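Welcome, and please open the structure in your viewer. We will take it one selection at a time.

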Amino acid sequence: MSDNIADKVKGIISEKLGVDIEKVKDEARFIDDFGADSLDTVDLVMALEEQFEIEISDKEGQEIQSVEDAISFIRSKCEK
Amino acid sequence: MKRVVVTGLGMVCPLATNVEESWRRLINGESGIKKITSFDVSDLACRIAGQVPSERVEQKSDSPFNPLNYVGAKELNRMDTFIVYALAAAAEAIKDSGINEATDEEKERTGVIVGSGIGGLPAIYDTAVTLKESGARRVSPFFIPSSLINLASGNISMAFGLKGPNHSVVTACATGTHAIGDAARIIQVGSADVMVAGGTEAAVCRIGIAGFSAARALSTSRNDTPEEASRPWDKSRDGFVMAEGSGILVLEELEHAQKRGAKIYGEVVGCGMSSDAYHITSPLPDGNGAYRSMREALRSASVSSDQIDYINAHGTSTIPGDFGELRAVERIMDGKTTASMSSTKSAIGHLLGAAGAVEAIFALLSIRDKVVPPTLNLHDPEDTFIDLVPLKAKERSVKYALSNSFGFGGTNASILFKAF
C-alpha cells in the first residue's frame, strides 16, 4: 500500500513537472532539482489533491518542497 | 524615418503548418474548410470551420500540427492553443529570417508585437465549467497566463530571448494588420531594429462558434458542403467561416537587414488606420471607414491608387462586409483599375486576429512569385469593374500589394507592401 502511494506520487510529480520518472528520487527538491516555479508547485498540489481525494491547505502545500515531503504528507493523510 | 523590410515569414493555417505548403495549396485552389468533428456541433447553427491540420482534425496536409515540436510537455499546460500556434509560426519566421543567430546585444533591439482577437477562449470556457462544477479550488494556477492575449508575445520573447519592446494588439479581426503597422512604426522611429509581428487565434470551439452564430455572422447554409461556404462577393454568400492559426512576420530596419545579407520579401511602405464610429459589429454600408483606411495607407507611402497591383481584401463572405469593401475599393480606384483583388478567406476561412498577418504573408508571396491567389466559389459576383480573381490563381507581376483588415467595433487597417 505504502509503495503504491510512493509510486503514484512520483508519477504525478514526473508528469506535472516534466521530469523523467527515473530522476524522481526521494531526496529531490522541486525548485532546486527540477526547476519548478511557484505555479508548478500549486499545480502539483492540486493534482495530488485530486488523485488522492484529499484537501491540502495552502500552508500544508507550501511545506511540500521535495519528493520525500510529498510522499510522507500523502501517507500521513491517507493512513489517518 | 527609417525604412522597414520583411525578412522572415511563418504560418500555421488550415491549409498547412508552414508557409510554403500553405501557399502552394492556396495557389492550387484547395480549401481548408471542413466539417467540425473534434467537438460536439449537434446544437450549433454552423458546423464547419477552418481548423489547423492535426491528428484530431481531418485535413490532407503533409505537415499535421504537433505542439510538442514547439513546446515541452510541461510548458503545454501553461498555454492555450493560440499561444502554441504563435510559437510555431514565430519559430518558422525567426529561422527563415536568420535572426536566431543574433547576439545578446542585437536581441535587446529585437521586439515582439503579436496580437489575438479573443485569446484563450477555450481555456476560459473550460475553466468556467470547472469552477461551476468543482469549485474554485480546482481552478488551475496556469489559467490566467494561458489565456491572456499578450502572453503570445511574452512566450515568444522567452522562447527566443528577445528583449526589446513587447506588447500586443487587440482589434478583433484587424489585429494582425495593426500589429504589423505598429511594429513597423517602432522600427521607423528607431526604438528597435527588428520586430517579430503578427497575430494568432484558436477560438474554434463550442462557445466561439455559438457566439459568432448568435451575432448572425457565420455561414449556416452550407454545413454539408463546407468547401463552398466561404464565397466572398458571390451573391449567394451567407456569412463567414471561422478559422484558426497564426501568421508571424519578421520586420527589420533596412540597413540592418542589408548589413547581414538577409533575404528581403518586400518593404512596408504604408499603413493606414481608421474607425467607422458607427456600430459594434456592422461596417458602414458605403465602406467609408475602409476607404479612409486605404487612402491613408497610400498617402503615408506617397503612392497613388493606380500603382496598386494586388489587394488582399478583408472579404469575409458576409453580405454587408463584402459589399462595403467593394464600394470602398471602387471609390479609391476612381472608376478604373488594372489591379486584382482576391479574398484568401475563400480558401482558409476567417482567422480573426491572425487573419491580417496570414494575409499579409500571402500578399508578400504574390510579389515574390508573380501570382495572385484566387477567390474560391465566386460563381456569381456582385457587379463591379474590379478583377476579383474568381476560382483560379492568376499570374501577374505585383509591385505594390495592399492588405485590408476590418474588425468589430468599426476598426479598419490597411498595410501596403512594395517589391524590393
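How many helices and how many strands does chain A have? Select chain A and switch to a cartoon view: you will find five helices and zero strands. Keep in mind as you look that this is a predicted model.

Now follow chain A from its N terminus, and the elements read α-α-α-α-α. The radius of gyration of chain A is 11 Å, close to the 12 Å that the globule rule gives for 80 residues, so chain A is as compact as a globular protein of that length. Turn the view along the principal axes, and the C-alpha atoms of chain A fill a box of roughly 30 × 25 × 20 Å.

Next, look at how chain A is packed. Of its 80 residues, 29% count as buried. Take the contacts in chain A with a separation of 6 or more: 57% of them are between residues 24 or more positions apart.

Time to colour chain A by pLDDT. The average is 92, and 96% of the residues score at least 70. Select helix α1 of chain A, residues 2–17, which has the lowest mean pLDDT among the elements of the chain, at 90. Then select helix α2 of chain A, residues 30–34, where the mean is the highest, at 95.

For the last stop, show chain B beside chain A. Six residues from chain A and seven residues from chain B take part in the contact. On the side of chain B that touches chain A, three residues are nonpolar, two are polar and two are charged.

Technical notes. Residues numbered from 1 in each chain as written. Chains lettered and ligands numbered in written order. Predicted model: local features only at pLDDT ≥ 70, side-chain atom pairs only at ≥ 80, totals over all residues. Helix = DSSP H or I, 4+ residues; strand = E, 2+ residues; numbered from the N terminus. Rg over C-alpha atoms; globule rule 2.2 N^0.38 Å. Buried ≥ 20, exposed ≤ 12 C-beta atoms within 10 Å, placed from the backbone. Contact = placed C-beta atoms within 7 Å. pLDDT = per-residue confidence, 0-100. Nonpolar A, V, L, I, M, F, W, Y, C, P; charged D, E, K, R; others polar.
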